[in-house]
Amino acid sequence: MSLADTVTIAARNAWSLTFGEGIAAPEPTPSTLLSDAPHRALRRYDGAGPDDPAVLLVPPLAAPAFCFDLRPDQSVARFVLESGRAPYLVDYGEIGFEDRRMGFEIWIDDILPEAIRQVSADRGGRPVDLVGWSIGGVLALLTAAADQTLPIRSITAVGAPLSYDHMIGARELRALARLDGGRTTTAAIRALGGVSARLTRIAYRATAWDRELKRPLFIASNLADTATLARMETIDRFQNAMPGYPGRFYNQLWGRFILANDIGKGVVHLGEQRIALAAITQPVLLVGGPDDVITAAAAVEHGTKTLTGAREVRYETAPGSHLGILTARDTTWMYLDKFLRDQA
């Protein structure tokens, strides 16, 4: 490439990032909306054959559902489709103050079971493979544990925190909570109705503070590299679309998971409900990231000790950040493909 071409591309990219509409517009994988009820919109990605097995993608809260379809070369949904399966996605939508009473139970007993049954019915009654990321993986596991009659064939959990004893910063948070039994945080979240989208976005960016500090230099160094800037823009778009947590959900996460570590002990208490991970009988694939600063790899691997009823529990590792392990084509995607083929 000539110097003139390089300068032209750099100038165009600089304009697009500052005054234009961005480097590259989103290219979502084509899909069909099957249902559009609040907090449980269900999509089926287009192009699967009638006999292709169903895979339901389960996002976490506080992250946009398009985490599974960031861009054509970073799309779990597209990979699942191209590997001969029928991907579906449940989307919780925006979370606001009016949703403050929504807790874990809504997802475990209602939203996800309904989505699983709908997907199974759409596939002629065949069982469904669940693939969850982050807290979405925890929700998928707890849903299966709470109701073993659901048509679930297997569960994959990527970057799922299955023991808060192994989470970075958990020990310090517990030490602070011991000063008042955690009541200050609980009261604050209840008063605010949850954790706002803005606060969620700030917290996520804080986990990658070095990326934020190096951002100006990164842009300057790659101003003529359109593909690299497009990937950066995709991450920015993802971060800027993060929704918040409902108040009840976050207070349960704070009290039952972070402080009491129910999930690490294998039995989660939600009011009168007692959900034991040992109740899961389906095969499970767990993927952790040694470089993940949000969910430590050891927190994911701990599931091999609590999922004692599963026919099989595989634990694998993948490089990259918390989001990076979800889009790790050469590792996570290969583990997933082999795991699902083995269930056929």
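Student: What share of the 344 residues in the protein is buried?
Tutor: This is a predicted model, and in it buried residues make up 52% of the 344 residues. The word has a cut-off: a residue is buried when its relative accessible area is under 20%.

Student: Why is Thr234 called buried?
Tutor: Its relative accessible area is 3%. The limit is 20%, and 3% falls under it, so Thr234 counts as buried.

Student: Where does Thr234 lie, and which residues does Thr234 touch?
Tutor: Thr234 lies in helix α9. Leaving aside residues up to four places away in sequence, Thr234 touches Leu70, Arg71 and Gln74. A contact needs heavy atoms within 4.5 Å. Thr234 and Ala25 are 209 residues apart in sequence, yet their C-alpha atoms are 9.2 Å apart in space.

Student: What share of the contacts in the protein links residues 24 or more positions apart?
Tutor: Among contacts with a separation of 6 or more, 79% are between residues 24 or more positions apart.

Student: How do you know that the span of helix α14 agrees with its number of residues?
Tutor: Helix α14 covers residues 332-343, which is 12 residues.

Student: What is the strand order of the open sheet, and what makes β1 and β12 its edges?
Tutor: The eight strands run in the order β1-β2-β4-β3-β5-β6-β11-β12, with mixed pairing. β1 (31-35) and β12 (313-317) each have a single partner strand, so one side of each is left without a neighbour in the sheet, and they stand at the edges. On average, neighbouring strands of this sheet are turned by 20° against each other, direction ignored.

Student: How do you know that β5 and β6 pair, and in which sense?
Tutor: Two strands pair if there are at least two bridges between them. β5 (residues 128-133) and β6 (residues 152-158) have six bridges, in the parallel sense. In one of them, Val128 has Ile152 as its bridge partner. Leu130 stands opposite Ile155 in β6. β5 also pairs with β3 in the parallel sense, over five bridges.

Student: Which pairs in the sheet are antiparallel?
Tutor: Among them are β1 with β2, over four bridges, and β2 with β4, also over four bridges. Thr32 has Arg44 in β2 as its bridge partner, while Leu42 has Val90 in β4.

Student: What makes β5 mostly covered?
Tutor: Six of its six residues are buried. Val128, Leu130 and Gly132 point one way, Asp129, Val131 and Trp133 point the other way, and all are buried. In general, side chains of a regular strand alternate between the two faces of the sheet.

Student: What makes the phi of Ala62 and the phi of Ser134 worth a remark?
Tutor: Most residues other than glycine have a negative phi. Ala62 has a positive phi of about 60° although it is not a glycine, and Ser134 has a positive phi near 60°. Ala62 lies in the loop between β3 and α2; Ser134 lies in the loop between β5 and α4. His39, in the hairpin of β1 and β2, takes a positive phi near 65°.

Student: Why are Ala62 and Ser134 counted as buried?
Tutor: Ala62 has a relative accessibility of 8%, and Ser134 has 11%. The cut-off is under 20%, so Ala62 and Ser134 count as buried.

Definitions and conventions:
Residues numbered from 1 in each chain as written. Predicted model: local features only at pLDDT ≥ 70, side-chain atom pairs only at ≥ 80, totals over all residues. Heavy atoms only, no water. Buried < 20%, exposed > 50% of the residue type's maximum accessible area, 1.4 Å probe, protein only. Helix = DSSP H or I, 4+ residues; strand = E, 2+ residues; numbered from the N terminus. Axes fitted to C-alpha atoms, helices over the stretch in contact; angles between N-to-C directions. Expected span 1.5 Å × (residues − 1).
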